[in-house]
Amino acid sequence: MSRYIGISLNDDYTCICINDKTISTYHPTVIARDKNDDTWTIGEDAYKSTLAGSGVIVDKLLSLIEKNGTATIARVKYHAVDILAHYFHELLGKDSIKADEDLVAITIRKPSREVVVRIKEALIRAGVHEDNIYILSHTESFAHFVLDQDPNLYNRMVGMFELNNQCLYYYEMHVSRGTRRYVMVAHEAEEEAFNLDILKTASGGKIADKILTTVAERVMGKNYYSSIFLSGRGFQDTNFATNFMNYICKKRRVLIEPGMFAIGAEIYVKNKSEGKGEDYMILCDTRSKSDVSVKVVVNEKVESLPIVRAGEPWMDTCSSYDMILDDQDFIDFQVTSITKPQRPLRLRMMLDSFPERENRTTKVRMTTEFRDADTLRVTVKDLGFGDIFPASDKEIVEEIDLSDK
Amino acid sequence: MGLLLCNKDARHPFYYEKLDIDIWSIQELSYVIYNYPVIIPEDFVDHKLTTWIRDELSMGILAAKLEQYLSVSDEIDQERLIVLILKESNYYTQLEISRFQNEFKKLRNIDKHVFLNMLGDTYFHMGRYGKAIESYEESLFLNADNKVQMKLAGTYVTVMQFRKAADLYEEIYVTTQSEEALYKLYLINKLEPAVKTIEKYIDVIDVETLAGWELEYNNAVTDAEHDGRAKEIYDIFQKSHSAFREHAKIMVLKWKREYRAKL
């Protein structure tokens, strides 16, 4: 049987959800290696082996992979990917559990291209098939989680507070039910984040309640919300936050799910494997927010060639097209933002530095790839025209800004 | 005007023997068909080409259509097949294809010596001088024509066969009293002083004409001296004689290779 696994990864804790979207479990994101043999333990067991003096611990694994750092244990130098591969291997119980196939979605706060590559490599080394790995942002996981709930909970705006150690984030999801149904999700870090240890005392709890209430009043204002979600280890118990809960519960439903990101990731991977399409186009930090197209001629008819479609994961979006310049030395792009479809942006990329040749004897290869969520890099290379007009191999690189300005 | 969308190039090219080039895409194939209709062989579209179109260009439908024509008819209408390739290539407009069809039809109905003359012109423009000489010679064998003789002589000059060129120009002059033939003989003597044919006819050229030719020749030499390639070689020579000798070796090899390619 296949396992659908959602893993939310941060430096403190890893939350994992396997096959059941109602259950998620937390483990400290630490790993220890036995001093004498190649035995690895993770989470609480790693702490235990370290306290017993038999293991050497490595923590802050996400930071380690972001920095592409190394850790030396018992005179052996491990790269971040090696350490994370061992961590995933133990976390997924690859030695003890015989699943036919694991489909794994990892969710992290800021998935950059480099970090995604390293996490994927670690998972592959841990025994997960390359095609079964997905990396999402927390924002996207939140969207998947909400969209899996009763539609009444997201018929308008949805808010979410995430509270973890030294980490307080506010998320907002806007729902549009026009001709193209989409949800736009974004998050912001709140400066008032605090250490969860203060919740251990009554006075600390009151301070935390005060902080959360102030933040909620500021970010929610007079907006109308269908529902408010609470996530993170800080909301495992909300008894300390009486005023905050009173404020957010006014005329709206509030749902608490500490393992929301891991569950959202698990929902995504399950839907993906079952071939379920998304009812709403998701626009967030890991998805493209605009359609980008180029006008091309096919059989004497002008057609629009889509290069990027809004809602596609930008990290997986790259394209390559060969085209022949027919009496023109430029490429026109049309960028249509989903949120402002009435004002498409037209951009022209000049190719006049390519060698001059007889008409229709300059072939170019246009490749596109996202540098980040808002920047599409376009590379156009002169291919000449076979052996008849040899290529100059000249390249022109330009970037298209897709941010909503 | 626009951007013509293309399929990816073939992994293995189609060798077009008549042009001695590799073809990598359906657009290149259309280009050579359209621009050099004279050299298209009578059995151009065959199973080798259709296999390449299907396997390398992944254009299975076009290949199937071509193969269907090839299999049903004993007398294959190449024009129909060639036009089909042009239509499917997303390279030429319908108007251009119609124009090509008319030209292609005309080509099939012209006299053999005219066809060979055109073939020679095509090879000459492509820089295939050896083949151009062959075509012009065959054309002249079928029908003597001074214009073709002039072209043949010009081609001999291009490949530096000055003696043969001079003999032809002399023949043309004797037959037609053409001043141009004399002018060419004069230039051949400048390029290759050992070929002295012009000396036989120097008395028939008036002084003014001779002065004009001299001036034209000198201007051409000056232009050549200021050519980028000549300047590059001169600069190397000025900088270091040993570097020049090394460079000269490479250049001579390159020129030899270029000369052989012309033939």
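Student: Where is B:Gln177 found?
Tutor: B:Gln177 is in the loop between α9 (162-176) and α10 (179-191) of chain B. Helices here are DSSP runs of H or I, at least four residues, and strands are E runs of at least two, numbered from the N terminus. This is a predicted model: local features need pLDDT of at least 70, side-chain atom pairs count only at pLDDT 80 or more, and totals for chains, interfaces and linings use all residues. Residues are numbered from 1 along each chain as its sequence is written, and chains are lettered from A in the order in which they are written.

Student: What's phi of B:Gln177 near?
Tutor: Near 60 degrees, a positive value in a residue other than glycine.

Student: Is B:Gln177 buried or exposed?
Tutor: B:Gln177 is exposed, because 10 other C-beta atoms lie within 10 Å. The cut-offs: 12 or fewer is exposed, 20 or more is buried, in between is partly exposed, with C-beta atoms placed from the backbone.

Student: Over to chain A. Where is A:Asn19 found?
Tutor: In the loop between β2 (13-18) and β3 (25-28) of chain A. Phi of A:Asn19 is also near 60 degrees, again positive in a residue other than glycine. A:Asn19 is partly exposed, with 14 other C-beta atoms within 10 Å.

Student: New topic: helices. At what angle do α4 and α5 of chain B cross?
Tutor: Roughly 160 degrees, for α4 (residues 78-88) and α5 (residues 94-109) of chain B, and their axes come within 11 Å. Axes are lines fitted to C-alpha atoms over the stretch in contact, and angles run from 0 to 180 degrees between N-to-C directions. That makes α4(B) roughly antiparallel to α5(B) (an angle over 145 degrees).

Student: Which residues meet there?
Tutor: From α4(B), B:Glu79, B:Val83, B:Leu86 and B:Lys87; from α5(B), B:Ile97, B:Phe100, B:Gln101 and B:Phe104. Contact requires C-beta atoms, placed from the backbone, within 7 Å. By class, five are nonpolar, one is polar and two are charged. Nonpolar covers Ala, Val, Leu, Ile, Met, Phe, Trp, Tyr, Cys and Pro; charged covers Asp, Glu, Lys and Arg; the others, Gly among them, are polar.

Student: And how do α3(B) and α4(B) run, parallel or antiparallel?
Tutor: Roughly antiparallel. The axes of α3 (residues 60-72) of chain B and α4(B) come within 10 Å and cross at roughly 170 degrees. B:Leu62, B:Lys65, B:Leu66 and B:Tyr69 of α3(B) touch B:Arg80, B:Leu81, B:Leu84 and B:Glu88 of α4(B). That contact has five nonpolar, no polar and three charged residues.

Conventions: Parallel < 35°, antiparallel > 145°, perpendicular 65-115°, else oblique. Contact = placed C-beta atoms within 7 Å.
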